[in-house]
Amino acid sequence: MGNLSENALRILQERYLLKDKNGGLKESPKEMFHRVARSVAKAESKWAGIESQTKWEKKFFDLMSNLIFLPNSPTLMNAGTPYSQLSACFVLPVKDSLSGIFETLKTAALVHQKGGGTGFNFSHLRPAGDRLSHHGGSASGPVSFIKLFDFATEQVKQGGKRRGANMGILNVNHPDILEFVRLRVNGKPLQNFNLSVGITHAFMEAVEKDADWELIHPNSGSAIRKLKARLIWDAIVQGAWESGNPGIVFLDTINESNPMISMGAIEATNPCGEVPLLDFEACNLGSINLSKFVKGTSLDWDFLRETVHTAVRFLDNVIEVNKYPDIKIKKATIANRKIGLGVMGWAEMLIQLSIPYDSEEAVELAKKVMGFVQEESSLASSRLGEERGNFENWESSIYSPNQVMRNATRISIAPTGTISILADTSSSIEPLFALAYQRRKVLDGQNLTSINELFIKKLKEEGLFSQEILDQTMTNGSCSKVENLPEKFRSIFKTALEIDPIWHLKHQIAFQQFTDNAVSKTVNLPNSARPEDIAEIYQLAWKWKAKGITVFRNDTRREQVLYKGIKA
Ligand code: ADP
């Protein structure tokens, strides 16, 4: 069992470890990892004997307890409990009827209650002001229902652990698109929603050509308004500049690699965008901690291969022991068996190898590492397919007739907002956000400054360690202005805002090329960035085949929807 950081212990105690009725802890972190390993290994009994179950239980425990691989939070929290709802990601349909809308809202509440996040595309709803057929009166429209969903989410507290999270998408040809793009409540973005505009290639081309764009009634299919595509584009960019919302999902790009396209187009993603899903599908995630694979000046590829294979098996087992809040979700999820294996600790891996994040060398390594993870995860899923059978809908998938496959998708790069803190590493594929943080001490409420351990280790290795360097780094949260440090050293420790946005995007694209689902990434921009800079990033993201894009301009004071209170 690896050592847990103070922060990891605190989060585990507050949110993950099982408690009795009086709030007393019923398990230790070690016991939690045993609970999860045992429960997930139980799936083995369907195909093999107890020996296999025991063997895999041990392997799962070793990976998790040594912080080499961690599943998404709901798996850690719920496995082996009466509510083993283990997936983090869901997409639910929103139909154009009052009962349809409220049915979905109810299902979403049940998903949130057990720690999952939900994504919706609201484009099937008739626009605000539209006549209602039977009763006279007029429709509220997507924007007003999104507010309702936001309010409802606020009320479901996920057993006191965290608030629910949602993705709300509206397609760029919906008549209410401008209202959606400008959606604020009392001047602020919604509390529990990330918003994204569903964009097509046709729209991006219309923006490029400064052409007209038609807004289409979702029921009749007829155009009800024509305006310049750039008018909508500018409003999107302005919104993102002000608050980081809306982001974009590139629906055509998503569907070009949709393995189940014969079942219909994908219209939505989970809250952070890394998993495009069909209606009622759920996906369970897990992430490999790349910082654990550096051996000297190179990578331990054999260990990485073995880890990917064990992780894929783990995630496929999760589908087996998962409990779903709704029969339709169960059916859709089991039929395609999507899993999302991703990575965290990428920035720390680069630092250990002394490669600056903003370098072609880093981008090339990203492709090599993720190419390897992708290939091995497909191989692992094919082998499981031979052992356990293809997923139910396999015949209608792009893998039929030649490629045996257990899971319709294998890879997603999630933000790892909490599990990277548990693993004490950098989140997902993001650069370090700061080298020093202020943290509130739990017991007496005092502030405590902690400094990145890897930074201290590297300083010592290079014989550069001094109190003066530490003090200067603590003051700025960065070492970029510490003159006593060599330029090369400083370049390895550049933080998110010191890295030019283009490198953020290049990393996203490099990882996306080897990710069959999508990559959740924030492109950080300095406060001085202009709307034109955001427009350029969004346009490049489309050209380079990102599946979605989110930017965040520093100091716009938008509170992060998802991690409030966790980062501490
Ligand atoms: P974690 O580190 O807790 O496992 P991530 O930050 O990697 O989670 O997020 C993965 C996915 O989990 C998100 O895209 C979303 O679907 C879901 N999720 C994250 N935070 C929440 C939340 N507060 N409520 C509901 N779902 C969440």
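Colleague: Which residues of E14 are buried on one side, and which on the other?

Modeller: This is a predicted model. Strand E14 spans residues 339–344, and six of its six residues are buried, so the strand is largely enclosed by the rest of the structure. Both of its faces are covered. The buried residues are Ile-339, Leu-341 and Val-343 on one side, and Gly-340, Gly-342 and Met-344 on the other.

Colleague: Which residue stands opposite Gly-340 in E14?

Modeller: Strand E11, residues 282–289, runs parallel to E14, and six bridges join the two. The residue opposite Gly-340 is Leu-285.

Colleague: Are helices H3 and H11 roughly parallel or roughly perpendicular to each other?

Modeller: Two packed helices are described by the angle between their axes and the distance between the axes. For H3 (residues 50–65) and H11 (residues 301–321), the axes come within 11 Å and cross at roughly 110 degrees. Angles of 65 to 115 degrees count as roughly perpendicular. H3 and H11 are therefore roughly perpendicular.

Colleague: Is the crossing of H3 and H11 left-handed or right-handed, and how do the residues of the contact divide?

Modeller: The crossing of H3 and H11 is left-handed. H3 contributes Trp-56, Lys-59, Phe-60, Leu-63 and Met-64 to the contact, while H11 contributes Glu-306, Thr-307, Thr-310, Arg-313, Phe-314 and Asn-317. By class, the residues of this contact are five nonpolar, three polar and three charged.

Colleague: At roughly what angle do the axes of H8 and H9 cross?

Modeller: The axes of helix H8 (residues 201–209) and helix H9 (residues 229–243) come within 8 Å. H8 is roughly perpendicular to H9, the crossing angle being roughly 100 degrees.

Colleague: How many residues of the contact of H8 with H9 are nonpolar, polar and charged?

Modeller: On the H8 side, the contact involves Phe-203, Met-204, Ala-206, Val-207 and Glu-208. These meet Ala-229, Arg-230, Ile-232 and Trp-233 in H9. The division is seven nonpolar, no polar and two charged.

Colleague: Is Tyr-83 buried or exposed, and which residues does it touch?

Modeller: Tyr-83 is in the loop between helix H4 (73–78) and strand E2 (89–91). Exposed means over 50% relative accessible area, and Tyr-83 counts as exposed because its relative accessibility is 51%. Leaving aside residues up to four places away in sequence, the residues touched by Tyr-83 are Asn-78 and Lys-114.

Colleague: How far apart in space are Tyr-83 and Glu-179, C-alpha to C-alpha?

Modeller: Along the sequence, Tyr-83 and Glu-179 are 96 residues apart. In space, their C-alpha to C-alpha distance is 39 Å.

Colleague: Is Thr-81 buried or exposed, and which residues does Thr-81 touch?

Modeller: Thr-81 also belongs to the loop between H4 and E2. Its relative accessibility is 11%, so Thr-81 counts as buried. Not counting residues up to four places away in sequence, Thr-81 touches Leu-18 and Arg-35.

Colleague: Where is a cis peptide bond found with omega about 0 degrees, and where is one found with omega near 5 degrees?

Modeller: Most peptide bonds are trans. The bond with omega near 5 degrees runs from Ser-400 to Pro-401.

Colleague: What is the phi of Leu-67?

Modeller: Leu-67 lies in the loop between H3 and strand E1 (69–71). With a relative accessible area of 3%, Leu-67 is buried. Although not a glycine, Leu-67 has a positive phi, of about 60 degrees.

Colleague: What is the phi of Ser-428?

Modeller: Ser-428 is in the loop between H15 and strand E15 (436–440). Ser-428 is buried, with a relative accessible area of 0%. Its phi is positive although Ser-428 is not a glycine, at about 45 degrees.

Colleague: What distance separates the C-alpha atoms of Arg-383 and Ile-319?

Modeller: Arg-383 is in helix H14. At a relative accessible area of 49%, Arg-383 is partly exposed. Arg-383 and Ile-319 are 64 residues apart along the chain, and their C-alpha atoms are separated by 17 Å.

How values were computed:
Residues are numbered from 1 along each chain as its sequence is written. This is a predicted model: local features need pLDDT of at least 70, side-chain atom pairs count only at pLDDT 80 or more; totals for chains, interfaces and linings use all residues. Side-chain values use heavy atoms; hydrogens and water are left out. Buried means under 20% relative accessible area, exposed over 50%, partly exposed in between (1.4 Å probe, protein chains only). Helices (H or I, at least four residues) and strands (E, at least two) are DSSP runs, numbered from the N terminus. Two strands pair if DSSP finds at least two bridges between them. Axes are lines fitted to C-alpha atoms, for helices over the stretch in contact, and angles run from 0 to 180 degrees between N-to-C directions. Angles under 35 degrees count as roughly parallel, over 145 as roughly antiparallel, 65 to 115 as roughly perpendicular and the rest as oblique. A crossing is left-handed if the near helix is turned anticlockwise from the far one by less than a right angle, and right-handed if clockwise. Contact means heavy atoms within 4.5 Å. Ala, Val, Leu, Ile, Met, Phe, Trp, Tyr, Cys and Pro count as nonpolar, Asp, Glu, Lys and Arg as charged, and the others, Gly among them, as polar.
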